[in-house]
Amino acid sequence: MLKKFTKMHGAGNDYIYFNCLREEFTNIEDVAIRLSDRHKGIGGDGIVLICKSTVADAKMRMFNADGSEGKMCGNAIRCVGKYLYDNNIIQKTDICIETLSGIKELKLFLDRQNRIESVQVNMGCARFHKKEIPVNIKEERIINYPITVDGKVYRITCLSVGNPHCVIFTDPRAVDIAKIGPLFENNAIFPERINTEFAIQLNDNTFAMRVWERGSGETMACGTGACAVVAAAVANGLIDRNQVVTVKLLGGDLTIYIDKRTDAIYMTGETRTVFEGEVEL
């Protein structure tokens, strides 16, 4: 069976998108593994299904390159907004998308050709309680907490931004992420595995980061991870809320803003369609 797909990316975080508004998918996990392979498949960090929703304009389901289903992806949801608008499925610039982490509000920004150039997402509030991440550590909140991994002490800040994250403030250029990333992802203190960000503050409102994503390995960008870095920076007293922050990732920049009144995190970034095609499933 041939199935149409669209390859899209947000700041280099690339997924294979399928329009499932009219039909359901089967064997999703196997399809994600096969198509994400960059040598034998289409290639990507995973696949995204755009589905019907009874509570929002559409529903997003995303599956990592290892076939596991993720609750939320900030870069992917921006691309879903672009897909819906560019394909005349939804013709409004304020939309809502259902995810496993709840309903997210999107604001779409148009270019001169009336196509979506960038998207802002209300990511909700960061959650620091250990049960909401989860983390098996006795402290209720894990902020600048020392743990030893592979014989080295790292000071971690753990939080959920729809997905679980572990933020470490260190120079990411000095990190052997291919070696240390899996050791964090599969550490016993993280019963549902973890996304790990290695970030450095460059100035008052700029951070640079690399990310090891559970189920996908190192990726060019992670939207929830960039939000986690900024929220962790606030929790550690490095920056204040109500401050526009640029997070530099391998695939591009994301703009993060935490509202001082509500603690809501707003993320803005580019969205791009790479190519379209058909694949045999």
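What relative accessible area does Asn 242 have, and is the residue buried or partly exposed?

Modeller: Asn 242 has a relative accessible area of 43%, so the residue is partly exposed. Buried means under 20% relative accessible area, exposed means over 50%, and partly exposed lies in between, with a 1.4 Å probe and protein chains only. A word on the ground rules: this is a predicted model, where local features need pLDDT of at least 70 and side-chain atom pairs count only at pLDDT 80 or more, while totals for chains, interfaces and linings use all residues. Residues are numbered from 1 along each chain as its sequence is written, and side-chain values use heavy atoms, with hydrogens and water left out.

Now the backbone. Asn 242 has a positive phi of about 60°, although it is not a glycine. Asn 242 sits in the loop between α4 and β15 (245-249). Helices (H or I, at least four residues) and strands (E, at least two) are DSSP runs, numbered from the N terminus.

Step back to helix α4 itself. α4 covers residues 223-235, 13 residues in total. Its first and last C-alpha atoms are 19 Å apart, close to the 18 Å expected at 1.5 Å a residue. That expected span is 1.5 Å times one less than the number of residues. α4 is mostly covered, with 12 of its 13 residues buried. Among them are Gly 223, Cys 227, Val 230 and Val 234.

Asp 263 is not a glycine, yet has a positive phi of about 70°. Asp 263 lies in the loop between β16 (252-258) and β17 (264-270). At a relative accessible area of 32%, Asp 263 is partly exposed.

The peptide bond from Ile 133 to Pro 134 is cis, with omega near -10°. Pro 134 belongs to the loop between β8 (116-125) and β9 (145-149).

Compare Asp 45. Its place is the loop between α1 (28-36) and β3 (46-51). Asp 45 is buried, with a relative accessible area of 6%. Its side chain joins that of Asn 13 in a polar contact of 2.7 Å. A polar contact is a pair of N or O atoms within 3.5 Å; within protein, one must be able to donate a hydrogen and the other to accept it, and residues adjacent in sequence count only if both atoms are side-chain atoms.

Strand β11 (residues 164-169) and strand β12 (residues 195-203) pair in the parallel sense over 5 bridges. Two strands pair if DSSP finds at least two bridges between them. Phe 169 stands opposite Ala 199 in β12. β12 also pairs with strand β13 (residues 206-213), in the antiparallel sense over 7 bridges. Gln 201 stands opposite Phe 207 in β13. A hairpin of 2 residues joins β12 to β13.

Last, the rings. Rings of Phe, Tyr and Trp (its six-membered ring) pair if their centres lie within 6.5 Å; planes under 30 degrees apart count as stacked, over 60 as edge-to-face and the rest as tilted. The count comes to 5 aromatic pairs. The ring centres of Phe 5 and Phe 275 are 5.9 Å apart with planes at 85°, so this pair is edge-to-face. Phe 5 in strand β1 (residues 2-10) and Phe 275 in strand β18 (residues 272-280) are 270 residues apart in the chain.
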